[in-house]
Amino acid sequence: MNILAFIIGIAVSILIIVHFKKTRLESSKFAYSFLLFTFPFYYFVFAVYGNDYAVIPSEFLGGLVFFSIAILSLRFSDFYKFNFLALGYILHGIYDVTHHMFFINAGTPVWWPEFCGVIDIILGLYLVILAFKLRVKLA
């Protein structure tokens, strides 16, 4: 396990949350959906970087789940949107950590699973908290 990547991932996730709060992106309908939508593209870039073009269709199929969650979340009210996105982020964190079990993308950095996985999990858990805070506020 790459502890440094894990620690940096925690710091980055906190910075994302603070930035989204300060700039009021958190209350935007699109911010967390758009962020989740972008995550599968990193694996496309890694494939190109690693000159592993054969893995791009597999990465695309894996990414379809996250593209779909991001797009479908826009149809829900905030409580359900944030919970649905939380599911997507947590699933993506699991996907990052288990990615090598499905297929090998030669360009993926060895530190990526810990770094991106912890960001995804923290953002997912934060979205659950945010959803329930909104629900209590509305009740």
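Colleague: How is the model to be read?
Modeller: This is a predicted model, in which local features need pLDDT of at least 70 and side-chain atom pairs count only at pLDDT 80 or more, while totals for chains, interfaces and linings use all residues. Residues are numbered from 1 along each chain as its sequence is written, and side-chain values use heavy atoms, with hydrogens and water left out.

Colleague: At roughly what angle do the axes of α2 and α4 cross?
Modeller: Helices are DSSP runs (H or I, at least four residues), numbered from the N terminus. Axes are lines fitted to C-alpha atoms over the stretch in contact, with angles from 0 to 180 degrees between N-to-C directions. The axes of α2 (residues 31–49) and α4 (residues 78–102) come within 10 Å, and the crossing angle is roughly 15°.

Colleague: Are α2 and α4 roughly parallel or antiparallel to each other?
Modeller: Angles under 35 degrees count as roughly parallel and those over 145 as roughly antiparallel. With axes that cross at roughly 15°, α2 and α4 are therefore roughly parallel.

Colleague: How many nonpolar residues has the contact of α2 with α4?
Modeller: Contact means heavy atoms within 4.5 Å. Residues of α2, including L36 and F39, meet residues of α4, including F82 and Y89. Ala, Val, Leu, Ile, Met, Phe, Trp, Tyr, Cys and Pro count as nonpolar, Asp, Glu, Lys and Arg as charged, and the others, Gly among them, as polar. By class this contact has 4 polar, 1 charged and 10 nonpolar residues.

Colleague: Are α3 and α4 roughly parallel or antiparallel to each other?
Modeller: The axes of α3 (residues 56–73) and α4 come within 8 Å and cross at roughly 165°. The two helices are therefore roughly antiparallel.

Colleague: How many charged residues are in the contact of α3 with α4?
Modeller: On the α3 side the contact includes E59 and F66, and on the α4 side K81 and L91. The residues divide into 8 nonpolar, 5 polar and 2 charged.

Colleague: Which element gives the largest share of the lining of the largest pocket?
Modeller: The lining includes Y43, D96, H99, H100 and W112. By class it has 7 nonpolar, 4 polar and 1 charged residues. A pocket is an open set of points on a 1 Å grid over the protein atoms alone where a 1.4 Å probe fits, with protein on both sides within 12 Å along at least five of seven lines, and lining residues have an atom within 4 Å of a point. The largest share, 3 residues, comes from α4.

Conventions
Parallel < 35°, antiparallel > 145°, perpendicular 65-115°, else oblique.
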